[in-house]
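This report describes a single protein chain for a reader working from its coordinates. The sequence and the model are shown first, and the description follows.

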Amino acid sequence: WAWQGKDTGKSPFPPHLTNLLSRVCLAFYESHFDSALVDHEADGSTSNGIFQINSHMWCEDYKHRKPNVCQMHCSDLLTSNINDDIVCAMRIAQGPREKKLLYLLRWIDKDR
């Protein structure tokens, strides 16, 4: 973060606000706030909803036998009610480090 001319690498905001701002930025970058967006990935999975949560691990698409960590159908991520999207995103963020890393790597890979 660049704040008052200093780049300290730390946010000037309280942690809970920084976390919220990060989620808002993620939603804008991933979907432009389009809760119905489905992106078909090269590996046959889909990225779904406002946070582009991938069917590879996080939701059930009935096409592949996957872990379904969020315990929900991928189509549930495509409604205008984003409560379940938020719950799933929080589950990803609070989950084991290796699962968060997988989500991050898939997110970075989309930009290539």
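## Strand β4 and Thr46

In which strand is the place of Thr46? Thr46 belongs to strand β4, which covers residues 46-48; strands are DSSP runs of E of at least two residues, helices are runs of H or I of at least four residues, and both are numbered from the N terminus. Thr46 counts as buried at 7% relative accessibility. The classes are buried for under 20% relative accessible area, exposed for over 50%, and partly exposed in between, with a 1.4 Å probe and protein chains only. Not counting residues up to four places away in sequence, Thr46 touches Val38, Asp39 and His40, as well as Ile53, Asn54 and Ser55; contact means heavy atoms within 4.5 Å.

## Basis of the values

The model is predicted: local features need pLDDT of at least 70, side-chain atom pairs count only at pLDDT 80 or more, and totals for chains, interfaces and linings use all residues. Residues are numbered from 1 along each chain as its sequence is written, and side-chain values use heavy atoms, with hydrogens and water left out.

## Overall architecture

The secondary structure of the chain comprises three helices and five strands. Read from the N terminus, the order of elements is β-β-α-β-β-β-α-α.

Of the 112 residues in the chain, 31% are buried. The accessible surface of the chain is about 7500 Å², and carbon and sulfur atoms contribute 58% of that surface; areas come from the Shrake-Rupley method with a 1.4 Å probe, and for residues only the protein chains shown count as cover. Among contacts in the chain with a separation of 6 or more, 39% are between residues 24 or more positions apart.

## Disulfides

How many disulfides does the count come to? The count is two, where a disulfide is a pair of cysteine sulfur atoms within 2.5 Å. One of them joins Cys59 to Cys74, with an S to S distance of 2.1 Å. This pair links distant parts of the chain, 15 residues apart, with both Cys59 and Cys74 in the loop between β5 (53-54) and α2 (83-94). The link of Cys59 and Cys74 is right-handed, with 95° about the S-S bond, and both cysteines are buried.

Cys70 and Cys88 also form a disulfide, with their sulfur atoms 1.9 Å apart. Because the torsion about the S-S bond of Cys70 and Cys88 is about 80°, this disulfide is right-handed. Cys70 lies in the loop between β5 and α2 and Cys88 in helix α2, so the pair ties together parts that are 18 residues apart in sequence. Both Cys70 and Cys88 are buried. With the bonded cysteines of the chain numbered in sequence order, the pairing is 1-3, 2-4. A further cysteine, Cys25, counts as exposed at 51% relative accessibility.

UniProt, in an unreviewed entry, places the feature "domain: Glycosyl hydrolases family 22 (GH22)" at residues 70-88; its positions are given in the numbering used here, feature names are shortened, and annotations may be inferred rather than shown by experiment. Over residues 70-88 the chain is 32% helix and 0% strand, and the end C-alpha atoms are 5 Å apart.

His73 is found in the loop between β5 and α2 and is partly exposed, with a relative accessible area of 23%. Leaving aside neighbours within four places in sequence, His73 is in contact with Cys59, Glu60 and Tyr62. Ile86, in helix α2, is partly exposed with a relative accessible area of 34%. The C-alpha atoms of Ile86 and Phe51, 35 residues apart along the chain, are separated by 8.4 Å.

## Surface patch and positive phi values

Which residues form a nonpolar patch on the surface? The members are Leu20, Val24, Phe28 and Phe33, and together they have about 380 Å² of accessible area. Patches are made of residues with over 30% relative accessible area and no salt bridge, with like charges joined within 9 Å and nonpolar side chains (Val, Leu, Ile, Met, Phe, Trp, Tyr) within 5 Å; a salt bridge is a side-chain nitrogen of Lys or Arg within 4 Å of a carboxyl oxygen of Asp or Glu.

Phe33 is found in the loop between α1 (15-31) and β3 (38-40) and is partly exposed at 44% relative accessibility. Although Phe33 is not a glycine, its phi is positive, at about 65°. Asn68, likewise a residue other than glycine, has a positive phi near 55°. Asn68 lies in the loop between β5 and α2 and is buried, with a relative accessible area of 13%.
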